[in-house]
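Hello,

Please find the structure we talked about below. My notes on it come after.

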Amino acid sequence: MYRAERSGVLGGLSRVRAISLNDAHNFCALEQVGEEVAVILSLIREAHAALGVRPAGFRLSLRGPGQRYVGTDDQWRRAEELLRGALAGVDFVEAPGDAAFYGPKIDIQIVDAAGRESTLSTVQLDFDKPERFDLSYVDASGARRRPVMVHRSLVGSMERLFAYLIEVHQGDFPPWYAPVQLVVLPVDPGDAAQADVADRLARDAVALGLRAEVDGGGSLGARVRDAARRRVPYVGVIGAREAAHGSVALRLRDGRVPGPLPVSDALALVGAVVATRSADLLP
């Protein structure tokens, strides 16, 4: 999506002109809205946990006086009741006047490093689009009825999401979405045996679906520092001993050193952490 933002309001990834949205629109009967919203909130919690999002609060945005809305009073009352029910057990605030013109919504708020609050995830009920497009379905009695559209965005726009995640993690992304998950460093890149083991390790990692690369330029200390600067979760060092035994000296981003491991065990360790979307560097 593109938005004609003025240059003075643009800011990093948080406010951009080209936006990649995470959106979906589900159609259901009004009486199914509560169950549908509960499922969506569960998906949002699962996504937030995996990404490391720390919600600042939930907001129920309702109709307010002096504004125009589509839909009947009965529809709005029923929709607001269903959203309140879906938020049972969750601390939330009500925000009269913040609803969309087409229906009430649940907004999940975040706060950035500057203390500014914004909406990351949202679940909105829409009475307008089914009406405008004359959508209908046949219910169990054979009667035609108008559906409700449930608009959901689990993590909002990719740009705002990663602006937030960069601040929250300070670049130390959980391994499963780190840009590079494993960098392999041969101690002596000119040694054929070390270079061969390093290349095979990186190729095997890529074959398993991991993002891995070999860095053979410069001194070993400089390459280790570069990996730390890039916040790479795993660094595999291949020296003469490791090359001879088919092992790798694995170093973790947080300074822990599991010790020399067989290459297969090292790949299994990294793969297990990535597969479970764990925030920890060890299974």
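This is a predicted model: local features need pLDDT of at least 70, side-chain atom pairs count only at pLDDT 80 or more; totals for chains, interfaces and linings use all residues.

The protein chain has 283 residues, and 44% of them count as buried. Its secondary structure consists of 8 helices and 13 strands. The radius of gyration is 25 Å, whereas a compact globule of 283 residues would be near 19 Å. Along the principal axes, the C-alpha atoms take up a box of roughly 75 × 50 × 35 Å.

On contacts, I looked at pairs of residues at least 6 apart in sequence: 65% of these contacts join residues at least 24 apart. The accessible surface amounts to about 14700 Å², with 52% of that belonging to carbon and sulfur atoms. As for charge, there are 34 positive and 36 negative side chains, and 4 Å separates the centres of the two sets.

The helix I went through is α4, which covers residues 158-169. From the first C-alpha to the last, the 12 residues of α4 reach 16 Å, close to the 16 Å expected at 1.5 Å a residue. Its buried residues are E159, L161, A163, Y164, L165, V168 and H169. In an α-helix, residues three or four places apart point the same way, because there are 3.6 residues a turn. Among the elements that cover the buried residues of α4 are the helix α1 (33-51) and the strands β4 (105-111) and β5 (117-126). Just after α4 comes Q170, with a positive phi of about 55°.

Regards

Key: Residues are numbered from 1 along each chain as its sequence is written. Side-chain values use heavy atoms; hydrogens and water are left out. Helices (H or I, at least four residues) and strands (E, at least two) are DSSP runs, numbered from the N terminus. The radius of gyration is taken over C-alpha atoms; the globule rule is 2.2 Å times the number of residues to the power 0.38. Buried means under 20% relative accessible area, exposed over 50%, partly exposed in between (1.4 Å probe, protein chains only). Contact means heavy atoms within 4.5 Å. Accessible areas come from the Shrake-Rupley method with a 1.4 Å probe; for residues, only the protein chains shown count as cover. Lys and Arg count as positive and Asp and Glu as negative; His and the chain ends are not counted. The place of a charge is taken as NZ of Lys, CZ of Arg, CG of Asp or CD of Glu. The expected span of a helix is 1.5 Å times one less than its number of residues.
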